[in-house]
Amino acid sequence: MISGRKTEEIADLIDLFSKTQYRAKEVTPRVETIEKRCLELFGRDYKYSVIHNANGEVCGHYPRQMVFLEYECTELRKDGFESTVQITKLQDLVNRSKMARCRGRFVCPVILYNGKHICRSSTLAGWGELYGRTGYNYIFSGETDTTYVPEDDSASNGDSQLFDKVRGLDIKLLRYLSVRYICDLMVENKKVKFGLNVTSSEKVDKAQRYADFTLLSVPYPGCEFFKDYKDRDYTAEGLVFNWNQDFVDAPLTIPVCFTKNLNIDWSKYQSWDLVQQTQNYLKLLLHIINSDDESGLLVHCISGWDRTPLFVSLLRLSLWADGAVHASLEPAEILYLTIAYDWFLFGRKGQNSSPQTVLWNRPNPLQERLAHPLSQEAKSSSSSSSNQSEPGFTRAGSSPMSVPGRSCPSPSERQARLETVREVFLAAYSSTVGLKSSAPSPSGAISGLLEQFARGVGLRGTNSIV
């Protein structure tokens, strides 16, 4: 049973999230409580350091205290390892690389799994944003760091030098975090506004600066697509994105090494509905992080506050359900952590930013048929959250910060853990925002998250959205 205090805690969080967009320089006592609670929950299972962002000087819509998980610490192995990353150097790289990405949302580690960092960010800043932001900073913030200012008046030469500097620093940060895989959720190669290339992507960097990384283009619809979701009475089955729109020019591109064992026909991705697409992408991400014992993963979309937290949250919940991360947290605690940290404290836009309101109408979801998140054909690969060689055994990675081996919950235990998370969310959601809404709710992102979570990890066998 989940205590009433923990349910109220989540309800208060959702209530605040539905009304307020987090900004690091506008912190209230309620927000401070959330920040402290997140640190306490991270500290249950990990030794961590903090990347400081007081008043948002590094990024105005990232947490004031970004948690860098160094290693898992249990009572038996507490302080048993030392991190291979120095927090002072990491802070310096963060400060210097922040201009490389859209809205300054730099590469930030958020999950530690088997000694590997799963990171999030926005996409690369294009020349339009870089020049605009450097000019803004120079005029309004007094920043005169020549790292971000072109060195001559030649447009082409200046662009090249500017990109060499800022993207070079971004690459240094990625390498310092041992990130090798970059999954780009954008459906376009570059974001164009008013005829300007505002943002770009690693996959179309002309100088091929990111050639040493494994780049995956996994296009996933943005928040604009969810208007169609609303117009169809929030029915995700059969809802297929229109891939023929003019701005959609990023094809699905996945190395064969990640596709050959998943038994998914990736050539049909444009025919998948929203449910299939979310499921298959989650399987792919889990497969990637289990395929390499040394290297980490970066997931990003354009701004990093819609699609990015969706998949980061799915990964955190799925890995938790397998006992692979946050092992000591209860269902209500992991739910609180993912809503608070993955969504709210990373500046998810509030009012009317994503019309993903879901109408939940079945009073007893436990009566629904539960299925294991990975189908039989996927089980033959390493795509489950736990890197299993035999049932019930988790193989630790070779990194000095590896998570100690532990038994993996059985499929029924996993399902029960995830179902409890869902029930706690629905109870808190219904007591705050409400289950019935005729218009997009400011907290629609949360309901959309749980809907895709439930479907993405296979909690629901039939459609219950009307």
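**Close-up views of a predicted model**

Figure 1. Beyond its neighbours within four places in sequence, Arg316 is in contact (heavy atoms within 4.5 Å) with Phe42, Val110, Ile111, Val325, His326, Ile334, Leu337, Thr338, Tyr341 and Asp342. The model is predicted, so local features need pLDDT of at least 70 and side-chain atom pairs count only at pLDDT 80 or more, while totals for chains, interfaces and linings use all residues. Residues are numbered from 1 along each chain as its sequence is written, and side-chain values use heavy atoms, with hydrogens and water left out. With 0% relative accessibility, Arg316 counts as buried (buried means under 20% relative accessible area, exposed over 50%, partly exposed in between; 1.4 Å probe, protein chains only). The Arg316 side chain reaches the backbone oxygen of Val110 at 2.9 Å.

**Figure 2. Helix α10, residues 331-344.** All 14 of the 14 residues of α10 are buried, so the helix is largely enclosed by the rest of the structure.

**Figure 3. Salt bridge between Arg44 and Glu333.** The two side chains meet at 2.9 Å, N to O (a salt bridge is a side-chain nitrogen of Lys or Arg within 4 Å of a carboxyl oxygen of Asp or Glu). Arg44 lies in the loop between α2 and β1 (46-52) and Glu333 in helix α10, so the pair ties together parts that are 289 residues apart in sequence. Salt bridges that share partners join Lys6, Glu9, Arg37, Glu40, Arg44, Glu330 and Glu333 into one network. Glu333 is buried, at 3% relative accessible area, whereas Arg44 is partly exposed at 31%.

**Figure 4. Asp15 and its partners Lys19 and Arg30.** Lys19 forms a salt bridge with Asp15 at 3.1 Å, N to O. These two residues are four apart in helix α1 (residues 4-19), and are therefore separated by about one helical turn. Arg30 also forms a salt bridge with Asp15, with the closest N and O atoms 3.4 Å apart. This pair links distant parts of the chain, Arg30 being in helix α2 (residues 29-43) and Asp15 in helix α1, 15 residues apart.

Technical notes. Expected span 1.5 Å × (residues − 1). Polar contact = N/O pair within 3.5 Å; in protein donor to acceptor, adjacent residues only side chain to side chain.
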